[in-house]
Amino acid sequence: MFVMLVSSLFIQSAQGQSTQYQSELDWTAKHQAILNGDAKNRDQNLRSKALLKEHARLTELRIVPDGEPGEPLKLIGRVQDPNGLPIEDAIVSIFQADTGGFYAWDDAKNGTMDEPNARLFGFVRTDSKGVFVIYTIRPGGYPRPLKSKTGDLWIPSHIHLTVEAPGFQTHQCASTCQLVFSDDARMTPYWQKWAKNGGQPILTPKRSPSGEWFCYYEITLMPG
Ligand SMILES: [Fe+2]
């Protein structure tokens with residue numbers, strides 16, 4: 001009986017390690033498949049995203065595949081409490097459109113803007129300094145305008161971002177924050193006002209000598 005019990009524990013342990021190892025490889029593969037536009041089952045993608053968020057552990061992440069069209073952008077964020085102290089292990093969720101302004105791999109074909117199934121996305125955790133880094137491209141603005149009484153409204157390019165940390169209120173503006181850019185020609189007075197009223201961050205991109213854009217964004221979470 002004792003031998004059987006020990007064997008059983010050993011097998012469970014070995015299986016546990018094996019399962020964890022294979023799952024990590026699997027999650028990376030699933031992420032890459034979605035980034036590449038190869039993962040075409042929407043429900044599976046949403047389940048994969050939930051798993052990827054649950055197991056997020058990297059503080060730096062590239063959320064575009066090799067060869068993705070667009071201008072490279074490095075987004076550096078720092079999450080802090082109201083006293084300016086860093087918040088470690090906050091989970092940062094991010095997604096955006098491609099240069100054409102589309103989210104999902106089939107948006108252009110279907111005429112949709114499927115944000116939950118966004119192809120370019122990722123989840124990271126902040127390090128001991130509260131910092132995270134995202135490597136991406138500058139997103140395109142939506143390809144179609146919003147219709148309003150005063151005419152067409154062209155939505156500025158933006159990156160969706162949410163920050164969550166235990167003991168703090170979730171950082172979100174409406175559903176997610178939409179980071180917009182000060183140098184975007186679409187940031188008309190209408191959208192400036194929209195950003196101000198909704199607490200949407202307006203980032204000021206700077207360009208390195210090598211041509212890469214970079215932005216810095218400081219996020220303060222309130223105790224929950
Ligand atoms: Fe959006």
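Entry 1, a strand pair. I began with strand S3 (residues 91–96) and strand S8 (residues 158–164), which are joined by 6 bridges and run antiparallel. The model is a predicted one, and I read the pairing with that in mind. I then looked up individual partners along this pair. Ile91 has Glu164 of S8 opposite it. For Gln96, the bridge partner in S8 is Ile159.

Entry 2, the other partner of S8. I followed S8 to strand S9 (residues 177–181) and found 4 bridges between the two, again with an antiparallel run. Here Leu161 is set opposite Cys177 in S9.

Which order do the strands take? I recorded S4-S3-S8-S9-S10, an open sheet of 5 strands with mixed pairing. At the edges I noted strand S4 (120–125) and strand S10 (202–203); each has a single partner strand, so one side of each lacks a neighbour in the sheet.

How many of the 7 residues of S8 are buried? I noted 5, and therefore S8 is largely enclosed by the rest of the structure.

I next selected Ile34, which belongs to helix H1 (residues 2–36). Is Ile34 buried or exposed? With 25 other C-beta atoms within 10 Å, Ile34 counts as buried, because the cut-off for burial is 20 or more. I also listed its contacts, leaving aside neighbours within four places in sequence: Ala39, Asn45, Ser48 and Arg119. I then took the distance from Ile34 to Ala118, which is 8.5 Å from C-alpha to C-alpha, although 84 residues separate the two in sequence.

I recorded 4 helices and 12 strands in the protein chain. Of its 224 residues, 27% are buried. Among contacts with a separation of 6 or more, 67% are between residues 24 or more positions apart.

I noted a mean pLDDT of 88 for the protein chain, with 87% of its residues at 70 or more. Where does pLDDT stay under 50? I found this over residues 1–19, and for that stretch the model has 0 contacts beyond four places in sequence.

Definitions and conventions:
Residues numbered from 1 in each chain as written. Predicted model: local features only at pLDDT ≥ 70, side-chain atom pairs only at ≥ 80, totals over all residues. Pairing = 2+ DSSP bridges. pLDDT = per-residue confidence, 0-100. Contact = placed C-beta atoms within 7 Å. Buried ≥ 20, exposed ≤ 12 C-beta atoms within 10 Å, placed from the backbone.
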